[in-house]
Amino acid sequence: MAKPKLSDVAKRAGVSATTVSRVLNNRGYLSAATKQAVHQAIDELGYRPNEIARSLLGQRTYLIGLIVPTVANPFFGELAAAIEGALATSGYKMLLCNSQGQAEQERAYLDLLQANQVDGIITSAHNDLIDGYAHATLPIVAVDRQMGAHIPNVRSDNAMGGRIATELLINQGCRSIVLVTATDSPQNARAGAYRTALKAAGIASNVFEYGFDTPRQARQARLFDWLDCQSELDGLFATDDLTALLALEWAKRRSIEVPDALKIVGYDGTPMVTQSVPGLTTVVQPIDRIAERAVSVLLARIGATASVRPPDEIVLPVDMHRGWTA
């Protein structure tokens with residue numbers, strides 16, 4: 001059965017195709033009776049406007065692309081849900097893209113979103129070697145990712161989070177504190193704050209980098225093997241909660257008492273983790289506020305004139321959820 005066309009709607013409603021288009025785009029004066037007739041015809045025929053065709057005519061699609069590494073990670077899953085909710089309040093819908101931590105997949109999604117004429121893109125993927133953003137013609141906002149002055153960045157205060165996590169362990173008496181992180185790079189403010197806090201306390205740093213795109217089972221095996229070699233370990237700061245929970249599982253299997261012999265602090269503090277594992281001490285990112293600000297900045301860029309420039313960076317404070325692990 002052929003899909004109904006705009007001309008079919010016009011014929012059923014007894015109006016011109018131009019009138020149907022005006023109703024769909026809410027343009028010009030139209031009587032209530034005309035609008036009702038058109039909407040009734042749309043419902044009866046099951047007509048769906050071609051959003052891409054409308055965008056080619058200069059209309060907004062009211063679609064936003066979101067690129068994340070994977071919603072299997074609670075932080076990105078809850079961030080995606082919060083962004084979708086924030087967009088809905090402004091009449092936008094979201095297309096979700098999971099890059100799986102792969103640069104080529106992220107690049108392919110970036111090309112796909114631009115080709116399908118979304119109105120803008122929010123990206124929180126973690127690949128540094130994507131050159132497509134520099135040439136993108138759409139408004140883009142990054143979440144927790146430095147991409148240059150031309151792309152606004154909305155993030156929580158990672159330096160503050162790394163500092164309060166590390167200082168908590170120091171103040172609890174830990175003197176052999178390891179950092180477990182996906183990527184140990186100069187851009188990792190959590191790792192930088194960890195090193196700064198340890199240096200101020202006269203404690204040597206010790207970092208395990210597992211690689212952002214490492215599968216969970218491989219990450220667990222590598223982490224367990226590495227922790228087995230840390231004979232004097234008494235404190236552990238993981239830059240995400242899933243890794244902190246892996247460390248907690250390692251301690252359980254090795255009959256290491258937490259927090260007496262080993263104290264553990266995680267990072268992200270999503271509601272899913274803090275509700276299901278309330279005992280985990282973790283730095284809490286303000287996910288809802290990050291989502292709201294990212295959406296507001298992006299929509300401002302979509303509607304902005306050339307003379308209007310949204311802020312280059314928005315940094316939001318973090319908090320600490322105290323459980324029994326530290």
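This passage describes the predicted model of one chain, first as a whole and then at a few selected residues.

The model is predicted, and local features are reported only at a pLDDT of at least 70, side-chain atom pairs only at pLDDT 80 or more, while totals for chains, interfaces and linings use all residues. Residues are numbered from 1 along each chain as its sequence is written, and side-chain values use heavy atoms, with hydrogens and water left out.

The chain has 12 helices and 12 strands, where helices (H or I, at least four residues) and strands (E, at least two) are DSSP runs numbered from the N terminus. Along the principal axes, its C-alpha atoms fill a box of roughly 80 × 40 × 35 Å. Of its 326 residues, 46% are buried; here, buried means under 20% relative accessible area, exposed over 50%, and partly exposed in between, with a 1.4 Å probe and protein chains only. The exposed surface comes to about 16,000 Å², of which carbon and sulfur atoms supply 51%; these areas come from the Shrake-Rupley method with a 1.4 Å probe, and for residues only the protein chains shown count as cover.

Helix H1 covers residues 6-13, and its buried residues are Val 9, Ala 10 and Ala 13. Seen down the axis of H1, these buried residues fall within an arc of 100 degrees, so they line one face of the helix; the arc is that of the directions from the helix axis to the C-beta atoms. An α-helix has 3.6 residues a turn, so residues three or four places apart point the same way. After H1 comes Gly 14, whose phi is positive, near 75 degrees.

Further along, Asp 240 sits in the loop between strand E8 (235-238) and helix H10 (241-253). Asp 240 is buried, with a relative accessible area of 7%. Its side chain has a polar atom 3.1 Å from the backbone nitrogen of Leu 242, and a polar contact of 2.7 Å joins the side chains of Asp 240 and Thr 243. A polar contact is a pair of N or O atoms within 3.5 Å; within protein, one must be able to donate a hydrogen and the other to accept it, and residues adjacent in sequence count only if both atoms are side-chain atoms. Leaving aside neighbours within four places in sequence, Asp 240 is in contact with Tyr 210, Arg 219, Tyr 267 and Asp 268. Asp 268 belongs to strand E9 and is buried, at 6% relative accessibility. Although Asp 268 is not a glycine, its phi is positive, about 125 degrees.

The loop between H10 and E9 (263-268) contains Pro 259, which is joined to Val 258 by a cis peptide bond with omega about 15 degrees. Ser 255 is found in this loop too; its phi is positive at about 55 degrees, although it is not a glycine. Ser 255 is exposed, with a relative accessible area of 64%.

Finally, Thr 325 lies in the segment after strand E12 (319-321). Thr 325 is buried, with a relative accessible area of 1%. Its contacts beyond four places in sequence include Val 258 and Pro 259, and its side chain reaches the backbone oxygen of Ile 264 at 2.7 Å.

Methods:
Contact means heavy atoms within 4.5 Å.
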